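User: Hi! Could you walk me through the aromatic contacts in this one?
Analyst: Happy to, here it is.
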2 protein chains.
Amino acid sequence: MGELIGKVVESTLYYVPKSEFDRVRALNEASAPEKTRIFADMCRLNTLYMIARAGSGHIGSSFSSLDVVSWLYLNELKNDDLYFSSKGHDAPGLYSVLIALGKLPFDKLHGLRRLGGLPGHPDVGVPGMVINSGSLGMGISKAKGMVRADRLRGHERRYYVLTGDGELQEGQIWESLISAANAGMGEITAIVDHNKLQSDYRVSQTSDLGDLPAKFKSFGWHVERCDGHDFDAFSAALRACEAHPGKPQVIIADTVKGRGVSFMEHTALDSDTDMYRFHSGAPDADSYGRGAQELLDHVNRALSRIGVARLSLESVEPPAKAAPGTTKRLMPAYTEALLARAAKDDRIIGLDADLVLDTGLIPFKEKFPDRFVECGIAEMDMVSQAGGMALEGLIPICHSFGCFLSTRPNEQIYNNATERTKVLYVGSLAGLIPAAPGHSHQSLRDISALTSVPGLDIVEPCCPEEVPLLLDYLLGTKRSGYLRLISVPWPVLFAYPAERLIEGQGVVLWQKDKPAVAIVTYGLITTAEAYKAAEELADEGIDALIIECPFLNRIDGAWFADKLEGVKLLVTIDNHYVNGGFGDQLLSALAREGACLSPRVVRLGIDDMPSSGQPAEVLGHHGLDSASLKVRIRQELKG
Amino acid sequence: MGELIGKVVESTLYYVPKSEFDRVRALNEASAPEKTRIFADMCRLNTLYMIARAGSGHIGSSFSSLDVVSWLYLNELKNDDLYFSSKGHDAPGLYSVLIALGKLPFDKLHGLRRLGGLPGHPDVGVPGMVINSGSLGMGISKAKGMVRADRLRGHERRYYVLTGDGELQEGQIWESLISAANAGMGEITAIVDHNKLQSDYRVSQTSDLGDLPAKFKSFGWHVERCDGHDFDAFSAALRACEAHPGKPQVIIADTVKGRGVSFMEHTALDSDTDMYRFHSGAPDADSYGRGAQELLDHVNRALSRIGVARLSLESVEPPAKAAPGTTKRLMPAYTEALLARAAKDDRIIGLDADLVLDTGLIPFKEKFPDRFVECGIAEMDMVSQAGGMALEGLIPICHSFGCFLSTRPNEQIYNNATERTKVLYVGSLAGLIPAAPGHSHQSLRDISALTSVPGLDIVEPCCPEEVPLLLDYLLGTKRSGYLRLISVPWPVLFAYPAERLIEGQGVVLWQKDKPAVAIVTYGLITTAEAYKAAEELADEGIDALIIECPFLNRIDGAWFADKLEGVKLLVTIDNHYVNGGFGDQLLSALAREGACLSPRVVRLGIDDMPSSGQPAEVLGHHGLDSASLKVRIRQELKG
């Protein structure tokens with residue numbers, strides 16, 4: 001599920017125009033498999049273009065699934081039949097198919113991971129997207145609900161649901177298989193994109209799937225297996241599935257991750273334990289250029305074999321990239337702090353759910369191999385395993401993206417809490433940004449989802465310097481804790497003043513004698529933006545007080561009441577949905593102190609579904625960048 | 001998982017004293033199987049006593065598992081070996097074994113489901129309880145974490161983990177099997193208490209398990225199968241497991257639900273589709289008497305066969321039961337309201353996760369069989385299926401207990417919300433009461449866990465009359481909704497005055513001209529208690545304002561600011577953890593209105609782990625009954 005912002009390729013980018021797809025689809029000279037092969041490679045070219053231009057995206061699984069997806073759209077889907085991907089990482093590949101077929105406007109090709117464009121994972125707001133995915137394991141369940149609706153209405157159609165292989169580690173997959181078999185849901189054909197690699201490493205190295213055909217068979221599904229890049233074999237498997245209309249069917253399609261570009265294919269890895277480089281992120285300029293050339297060569301060779309004209313590409317200069325400025329990062333600070341504490345305390349165990357790169361755990365894994373547990377994409381199991389370790393006196397630290405860690409094993413986290421043991425949870429990729437992967441990956445509910453868990457502190461650092469202070473705070477109590485970490489780098493203008501933290505109290509970053517406005521916020525991004533706004537407002541003669549509060553559900557109302565006395569406007573900023581976020585907690589704490597609140601209180605944050613796009617544009621869209629903050633504060637002080 | 005409060009048996013109750021267990025354990029005349037048989041039936045007698053005295057408890061699975069549990073404790077567990085139950089419903093049976101062996105103080109026998117006694121589901125605070133359970137599917141994961149801790153420390157021991165068969169519908173079970181096999185966790189022997197029935201009906205009728213041995217085998221586990229009431233067979237299965245030290249093993253123990261009392265055995269059911277009566281709840285006086293006599297006869301026949309004295313029982317008169325008074329119930333009102341709406345709108349689909357009795361769905365199932373979907377114990381799958389139905393324009397309504405429904409499929413609920421479809425969720429057994437089942441079943445985090453979900457209204461009725469108003473409200477918007485329902489009956493003194501509800505506003509139930517204190521609360525129990533307190537405070541000359549607010553995350557701050565103007569003390573009462581509950585939301589809404597809050601604001605509710613026990617004693621313990629409220633209000637007005 002890895003997501004890191006890559007670098008946008010700055011050299012010329014090439015894409016296949018719609019007219020060329022139309023030409024190839026109309027070729028009478030080619031057989032269906034030949035035509036599909038050419039079409040799929042043209043889609044790979046466009047997929048590579050989209051991802052290189054966006055600066056991030058999932059090449060590996062887009063490429064591994066593109067033959068299957070192309071075959072289905074060109075040769076199989078009839079009437080109202082539906083195809084969708086349960087994993088959703090392969091969205092760029094699917095977009096490129098839909099764009100080639102005119103099912104999506106062609107200009108969307110240029111808008112992957114941009115505001116108003118195509119989100120990093122599927123959203124039903126985009127034509128052709130049947131379900132929202134990106135959080136794993138839900139696709140077969142969704143199809144089952146749709147089949148039940150069809151049956152009620154006498155509507156006959158087939159569902160083709162693509163799953164990952166790593167995704168099969170999620171319990172919901174197996175949960176969903178049971179009643180599909182009992183209800184004889186022959187309308188569903190699941191296709192496993194068995195590309196052998198998950199986010200970080202080989203599936204077999206992460207959490208081996210064992211005898212996959214036997215597993216599906218034992219769950220009452222009809223099983224076929226084929227080479228997922230061999231169209232004749234895939235077509236034969238589909239025909240064999242049709243012969244079992246009373247049973248749900250699964251085709252285990254053996255595929256190659258990164259298929260189509262030799263050096264992106266997982267089979268090019270030197271060893272079983274190498275990390276695969278093209279799961280997410282973006283290709284560098286060299287990889288882009290060589291990859292595009294290779295794909296073009298494939299297509300042209302095939303076109304020349306059937307004696308028609310070579311492919312005509314269009315080109316574009318990528319948008320100029322803003323200078324990044326000096327940025328700070330939290331993840332390296334976390335890795336460093338964790339290593340130092342783990343060296344002194346052998347009770348500390350690191351658990352990961354297939355995001356070892358993104359969660360900064362690789363050095364921990366290397367230094368403390370016995371105390372590192374790779375759980376695979378199995379968050380519920382990870383959290384309950386951690387509970388078992390904690391009962392034995394260890395200090396387990398569970399890692400994943402905040403969006404998954406706070407919600408998929410939500411009941412398991414509570415169950416651990418009721419045992420009054422100590423378990424730490426580290427949720428990275430917290431908050432709105434990077435917005436490019438889309439809402440499945442924007443962790444905007446984690447504070448709310450965990451704030452009621454008794455004996456669990458939620459904390460978030462605003463800068464690298466605060467990370468070790470908070471880790472020490474969490475390790476130093478008997479309570480459990482959730483450390484919320486933003487994963488992207490961000491420009492930070494302030495010097496962090498605190499040397500120690502006091503539970504429930506904030507850190508004053510900017511203060512004028514008699515400030516008119518106070519902003520209370522937390523975390524790397526909104527703290528930096530608030531500080532920047534304060535600097536600039538000062539130039540206009542508006543004095544501000546900026547307090548950063550790393551304690552998100554344990555707030556010292558008296559301390560804040562004292563600090564905020566006399567301000568005319570109090571602004572809370574949540575990098576989270578406003579309902580149930582830090583702002584609510586702060587305002588409640590102030591009210592309970594009998595603090596007569598400012599005449600004006602404004603609670604900023606996300607109040608409806610977050611947008612997807614590039615960081616700066618999305619932050620601005622939601623009114624949370626320094627420019628928007630200044631405008632809002634001026635307005636509020638006037639009104 | 002069903003839990004309903006039964007009636008305490010009011011005639012004399014009988015139990016086996018500790019001395020008789022000691023006598024039987026010391027018998028040299030009997031073989032291990034003979035002795036274990038007698039011991040297990042004595043434990044059944046005490047289990048029946050505990051449950052009859054408590055007025056609720058799980059007879060069926062306590063009895064089905066008692067032979068397995070007795071055999072393990074008397075003949076297998078060595079040194080630090082651990083046994084625990086993943087499902088946890090069978091806690092009364094396990095308690096009776098631990099009490100018989102002196103591992104739990106004998107007087108705990110009289111304290112099942114009482115404050116300071118033994119909770120309805122396992123809690124590690126009780127000696128001999130290894131993990132907290134009652135929420136399903138976590139046991140094998142917990143054992144895995146403990147095995148990892150043991151391996152780190154070179155500590156050798158075995159884990160015996162009991163699971164239910166219905167429990168195998170939970171995805172976490174299959175998630176947990178995968179890495180256990182990969183890590184070669186031969187230390188773990190899982191035992192499936194395959195008693196063929198789940199909460200409501202036969203497993204095969206609910207969500208059939210299919211070829212269970214093949215499933216476990218395909219997941220890499222060594223599989224044995226035996227009659228779980230045949231000690232020789234069970235012992236042989238354990239020996240066979242020991243022959244596979246490099247693999248986790250599972251014994252599928254075929255058992256009879258309610259084993260030991262002829263008319264409680266599931267095999268006594270007349271048909272495959274009959275509902276089983278002894279899953280939870282309590283036996284009536286007649287069932288208790290006949291059941292106890294049958295067990296006593298078994299034991300005495302066995303004792304006489306080996307030529308020793310008959311069993312000597314002790315007896316006790318059950319505690320007098322307080323008169324219940326006139327109570328009101330929400331669940332019948334919900335059933336009635338649902339049936340009426342469903343009759344007019346055929347898009348409404350009812351989904352259940354094996355709690356069809358407790359969630360009031362049986363009449364719906366009977367009247368609209370095509371629009372009822374029994375999902376089994378598979379909440380994630382249920383919620384995602386509902387999402388699929390909603391994408392097709394149906395209006396699915398998912399049912400379970402609030403504790404499970406808001407947390408196990410938390411990410412799935414959010415995924416549905418991001419599709420902007422309409423799905424309703426009905427969480428019953430909401431709040432602190434009934435406290436007897438213990439914290440796994442006390443839904444005290446559901447508001448917080450769901451409040452941030454965009455486009456989802458959380459509402460809760462304070463009386464039966466408000467149920468149809470809220471159901472109409474939820475059905476009448478385009479948004480999704482969560483209807484929070486208290487399951488127990490409660491005495492209600494007020495006449496409900498509202499004929500319609502206005503979004504975000506409350507209902508004034510009691511108002512004096514210039515009230516000193518305002519209480520804002522919601523739901524059947526705390527509203528009733530607040531009203532009662534207001535009536536009684538009025539007699540003391542303390543005037544109150546009581547507002548009931550059914551909208552828990554969509555609050556009209558301006559309306560409340562107006563109503564609350566001038567009160568000296570504002571008390572919010574949450575039937576929920578205070579952090580992240582309704583009180584926080586109300587106080588935040590008031591602050592944003594610029595309402596200068598009362599000089600004193602008190603936020604009542606649950607602030608740490610809830611207690612388990614009988615409703616009245618637990619409500620008083622947490623300071624939420626009318627008597628405690630009066631005391632607190634007097635104090636606050638003085639201070």
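Analyst: Rings of Phe, Tyr and Trp (its six-membered ring) pair if their centres lie within 6.5 Å; planes under 30 degrees apart count as stacked, over 60 as edge-to-face and the rest as tilted. This is a predicted model, where local features need pLDDT of at least 70, side-chain atom pairs count only at pLDDT 80 or more, and totals for chains, interfaces and linings use all residues. Side-chain values use heavy atoms, without hydrogens and water.

User: Which residues do ring pairs link into a cluster?
Analyst: That cluster holds Trp174(A), Phe216(A), Phe219(A), Trp174(B), Phe216(B) and Phe219(B).

User: And how many aromatic pairs over all chains?
Analyst: The count is 37. Among them is a tilted pair, Tyr15(A) with Phe106(A), at 6.1 Å centre to centre and 45° between the planes.

User: Is Tyr15(A) buried or exposed?
Analyst: Tyr15(A) is buried, at 8% relative accessible area, while Phe106(A) is partly exposed at 21%. Buried means under 20%, exposed over 50%, partly exposed in between (1.4 Å probe, protein chains only).

User: What about Tyr473(A) and Phe551(A)?
Analyst: Their ring centres are 5.0 Å apart and the planes meet at 75°, so this pair is edge-to-face. Both Tyr473(A) and Phe551(A) are buried.

User: New topic: which ring does the charged end of Arg290(A) sit over?
Analyst: The ring of Phe263(A), 4.1 Å from its centre. The rule asks for NZ of Lys or CZ of Arg within 6 Å of the ring centre and within 35 degrees of the ring normal.

User: And where does Arg290(B) lie?
Analyst: Over the face of Phe263(B), at 4.1 Å from the ring centre.

Notes:
Residues are numbered from 1 along each chain as its sequence is written. Chains are lettered from A and ligands numbered from 1 in the order in which they are written.
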